[in-house]
Amino acid sequence: MTEENQKRHDEKAARMRAALQLQEPDRVPISIGGGAFAYVDAGYTVAEINYDESLEKAKDAIKRFLTTYDPDVGSGLALSFAGEGPGHEMQGCSTLFIAGMKNAPIHISDNSGPQFLEQVMLPDEELELFSQDFTKWSLNCYLPRLSSVMAPFKDFKLPLNHRNIWDVMDQFSRPEIKAAIEKLWEISDYYKDYRARLAAAEREIRELGYPSFGGGGRAVVPFDKYSDTFRGFILALTDIYEHEEVMLQYMARFQKENLQGIRNVNPDGSRNGKFMAMALHKGFDGMLSDAQYEKYYWKDLRECIETAQDCGLIAQPFCEGKYNTRLHFLADIRPGNVFYTFESVDMKEAKRLLEGKACIGGGFPSELLYFGTPEQVKDKVKEMLDAAAPGGGYIFGLSAGLNAEAKRENVEVMFDTVRTYGKYH
C-alpha cells in the first residue's frame, strides 16, 4: 500500500471505529457497497461480471466506484458471485439463481442481484424423520431436492452387515453414486481455484486504502434457518401451533452449532473488531407477536450478539423489514460491539432507544435513488442525519443494496450531502 493510500486507510478506519465505539468522529462515516450499481456505472452488466472468471471486470468496476464516490469502507462491495457463474451452475442449485444463468426456472434480468426461491424442503410427512435422524433426512431428502448433483443420493442406504463392508462397497459403487462423487470433486477443485482468485482480487482492492470490517463470520437466527431453509414462510408460522416440539428441537440443536461457529471465528483475537454479519429475515414488525418474538426469535438473537461480544467481534444484525416495534428488544443488550443496520425504522426512535448501547445505520430508502430527484435525496439525507448523527454512534447506509437502477446524479448528491452536512467539527 502506498503512503497516500495508507493515510486514507487510517483516516477512514479511525472514523469508522469512533462511530462503532459510540463516539463522534470528524464526520458521519459512509458504509455503502457498490452493488450492481458499481458494475453498471462502469459499463458492465451483472451477468457479465458473474461469468468473467478473470475477475478483471469486477475489479475494474469496484476500483472505479471507490475512487469516484469515496465511501469509508471497502467491505460489503460487490464481489459476491463475481466470476462464480460457471461454478454456481455446476452445483445444480434449485433455490438460488443469478444473472446470466442459462435455463433458470424464473426470469433473471442481466442486471439482477441473486434471487432466492423459497421452497418447502421439509413436507409434513417427513417431520418425524427430520426429528429422529437429521443426517439420514438430509442425505436422502433435503440434499437431492437442493441440488441436482445430489439427486442419486435419494435412495442411498448403508445397511451394514455384521462382519464386512460389502453393503458399503455396493452402495458407493453404484454408477450414479460414483458419478455424483466425481462431480463433487470437480466442484470442489473449481472452488479451491476460485477462492484463491477471489482472495487475490480482494487483496488488490484493499491496496487502494479502503478499510474492511468484514471477516467476522456469519450467524443465523435459528427460526430464520428453520423457515428459510426447510419449512418456508407459511409452514414455519403454522408449526408454532402444530409442530412446536419439532421446531424447538431443531432450533436448539442448530443454535449450539451456531454459537460454536461464532466462537471459532476469532480464537486468537486476530479478528477483533470485525463484523459478525446476521441477516434477520423473519423478525420484522407483525411477523410474530411480542411474546412469540421473545420466545422464538429474540432469545437466540441476543445469545448470538452476546457470544460475538464475548469473542471480540462486532455483531452486525441487518434488520430486514420494518423494525419499529422491535426496538425495545434490540435495546436489551450489553452496550458496545453491536452495529444494528435497518431497512425501515423510525430513526429518531432508534436513536433514542439505542443511544449509548449500539451503533446504528442503514435506513436511507434505496428506492429514492431510483425514483427520486437530487433535491429529494438531499433532503432525506439531511433528515436522516438530523435524527441519528448527534452524539455519534451512527454510520450512514442504505435500506438495501445499491442496485443497477440508481441514478448517478442521485448517488453523487447522497455522498456529497453526507460529507458536507454530516460534519461534527
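Visitor: Is D70 buried, partly exposed or exposed?

Guide: First off, this is a predicted model. D70 sits in the loop between α4 and α5. Buried would need under 20% relative accessible area, and exposed over 50%. D70 has 24%, so it counts as partly exposed.

Visitor: What is phi of D70 near?

Guide: Most residues other than glycine have a negative phi. D70 is a residue other than glycine with a positive value, and its phi is near 55 degrees.

Visitor: And what is phi of L22 near?

Guide: L22 is found in the loop between α1 (3–20) and α2 (35–41). With a relative accessible area of 21%, L22 is partly exposed. Its phi is positive too, though L22 is a residue other than glycine, and the value is near 65 degrees.

Visitor: L22 also lines the second largest pocket. How many nonpolar, polar and charged residues does that lining have?

Guide: The second largest pocket holds about 190 Å³ of space. Around it, along with L22, are residues including R17, F213, K274 and N337. Sorted by class, the lining has 4 nonpolar, 6 polar and 2 charged residues.

Visitor: On to the helices. How far apart are the end C-alpha atoms of α9?

Guide: Helix α9 covers residues 175–206, which is 32 residues. At 1.5 Å a residue, α9 should span 46 Å, and that agrees with its end C-alpha atoms, which are apart by 46 Å.

Visitor: What covers the buried residues of α9?

Guide: The buried residues of α9 include I177, I181, Y194 and L198. An α-helix has 3.6 residues a turn, so residues three or four places apart point the same way. Covering the buried residues of α9 are, among others, α4 (56–69), α5 (85–91) and α8 (166–172).

Visitor: How far apart are the end C-alpha atoms of α11?

Guide: α11 runs over residues 244–265, so 22 residues at 1.5 Å each should span 32 Å. Its buried residues include V246, Y250, F254 and I262, and among the elements covering them are α10 (222–242) and α12 (290–310).

Visitor: Which residues touch the most other members in the largest nonpolar core?

Guide: That core has 83 residues. Take Y340: leaving aside neighbours within four places in sequence, its contacts include W298, P317, L330 and I360. In the core of 83, the residues touching the most other members are F223, L330, Y340, F342 and M414.

Visitor: A36 came up there. What distance separates the C-alpha atoms of N403 and A36?

Guide: N403 lies in the loop between β7 (394–395) and α17 (408–421). Setting aside neighbours within four places in sequence, N403 is in contact with A36, F37 and Y370. N403 and A36 are 367 residues apart along the chain, yet the separation of their C-alpha atoms is 4.8 Å.

Visitor: Last one: is E126 buried or exposed?

Guide: You'll find E126 in the loop between β2 (115–116) and α6. Neighbours within four places aside, E126 is in contact with M121, W137, C141 and R145. Its relative accessible area is 13%, and the cut-off is under 20%, so E126 is buried.

Definitions and conventions. Residues are numbered from 1 along each chain as its sequence is written. This is a predicted model: local features need pLDDT of at least 70, side-chain atom pairs count only at pLDDT 80 or more; totals for chains, interfaces and linings use all residues. Side-chain values use heavy atoms; hydrogens and water are left out. Helices (H or I, at least four residues) and strands (E, at least two) are DSSP runs, numbered from the N terminus. The expected span of a helix is 1.5 Å times one less than its number of residues. Buried means under 20% relative accessible area, exposed over 50%, partly exposed in between (1.4 Å probe, protein chains only). Contact means heavy atoms within 4.5 Å. On a 1 Å grid over the protein atoms alone, a cavity is a set of points where a 1.4 Å probe fits but cannot get out, and a pocket is an open set with protein on both sides within 12 Å along at least five of seven lines; lining residues have an atom within 4 Å of a point. Grid points are joined across faces, edges and corners, and a volume is the space filled by probe spheres set on the points. Ala, Val, Leu, Ile, Met, Phe, Trp, Tyr, Cys and Pro count as nonpolar, Asp, Glu, Lys and Arg as charged, and the others, Gly among them, as polar. A nonpolar core is a set of buried Ala, Val, Leu, Ile, Met, Phe, Trp, Tyr and Cys residues joined through side-chain atoms within 4.5 Å.
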